[in-house]
Amino acid sequence: MSSTSTNSRFQGPCCGCGVPAPLRSSNQDPNRGRRFFGCINYKQPTACGFFLWLDPERDMEKELIQAENQVLKREVQALTKKNEKLRKKYKEAEAKVSGYHKIFFGVLVVFLVLWLATTSNSSSEQQQRLTAAASNNRSEQQQQRATTAASNSEQQQQ
Ligand SMILES: [Zn+2]
């Protein structure tokens with residue numbers, strides 16, 4: 001009996017019929033290709049119905065990994081969607097900011113132009129005032145000269 005237990009991996013365990021169960025492969029989904037030990041008399045009505053998947057732990061591990069992979073794939077898809085949304089939002093925000101910059105600079109340019117225009121106007125006004133004052137001075141000086149000349153001529157006549 002001890003020898004059968006060591007060989008059971010290759011011959012298969014004895015089923016209820018007392019015969020080593022042969023190793024077969026499943027040809028049905030979803031376990032197509034999965035190997036199992038089954039009762040040799042499974043087609044007969046007297047079959048014991050013995051059935052055992054080969055190395056079920058490994059398959060369970062594989063299934064667990066596959067399930068985890070699917071979960072991770074879904075997470076990756078969700079994250080890529082989020083990433084796309086965030087990129088869109090970022091681009092929109094960037095466009096808004098550049099628009100604000102344009103508006104700001106436009107307003108700044110307008111103010112600069114207005115400021116330059118007012119300063120040049122005031123300076124020309126000042127120049128006009130200065131020239132007017134100078135001409136006034138000149139005419140006053142001419143008048144003074146005229147009056148002094150007149151008084152001089154009067155003094156010479158006396
Ligand atoms: Zn059997």
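## A proline in the loop between two strands

Proline 30 lies in the loop between strand 1 and strand 2; helices (H or I, at least four residues) and strands (E, at least two) are DSSP runs, numbered from the N terminus. The peptide bond that leads from aspartate 29 to proline 30 is cis, with omega near 5°. Most residues other than glycine have a negative phi, and most peptide bonds are trans.

This is a predicted model, in which local features need pLDDT of at least 70 and side-chain atom pairs count only at pLDDT 80 or more, while totals for chains, interfaces and linings use all residues. Residues are numbered from 1 along each chain as its sequence is written.

## Arginine 34 in the loop

The loop between strand 1 and strand 2 also holds arginine 34. Arginine 34 is partly exposed, with 16 other C-beta atoms within 10 Å. On this scale a residue is buried if 20 or more other C-beta atoms lie within 10 Å of its own, exposed if 12 or fewer, and partly exposed in between, with C-beta atoms placed from the backbone. Between arginine 34 and arginine 24 there are 8.3 Å from C-alpha to C-alpha, and the two are 10 residues apart in sequence.

## Overall architecture

The protein has two helices and three strands, and from the N terminus on its elements run α-β-β-β-α. Of its 158 residues, 3% count as buried. Two residues are in contact if their C-beta atoms, placed from the backbone, lie within 7 Å. Among contacts with a separation of 6 or more, 23% come from residues 24 or more positions apart.

The three strands form an open sheet in the order 1-2-3, with antiparallel pairing; two strands pair if DSSP finds at least two bridges between them. Strand 1 (23-25) and strand 3 (51-53) stand at the edges with a single partner strand each, so one side of each has no neighbour in the sheet. From one strand to the next the twist averages 35°, where axes are lines fitted to C-alpha atoms, for helices over the stretch in contact, and angles run from 0 to 180 degrees between N-to-C directions.

Strand 1 pairs with strand 2 (residues 35-38) over three bridges, and serine 25 stands opposite arginine 35 in strand 2. Three bridges also join strand 2 to strand 3, where phenylalanine 37 stands opposite leucine 52.

## Confidence of the model

The predictor's confidence in each residue is given as pLDDT, from 0 to 100. Its mean over the protein is 81, and 87% of the residues reach 70 or more. Among the elements, strand 1 has the highest mean pLDDT (88) and helix 1 (residues 2-11) the lowest (41). Over residues 1-9 the pLDDT is below 50, and this stretch has two contacts in the model beyond near neighbours in sequence.
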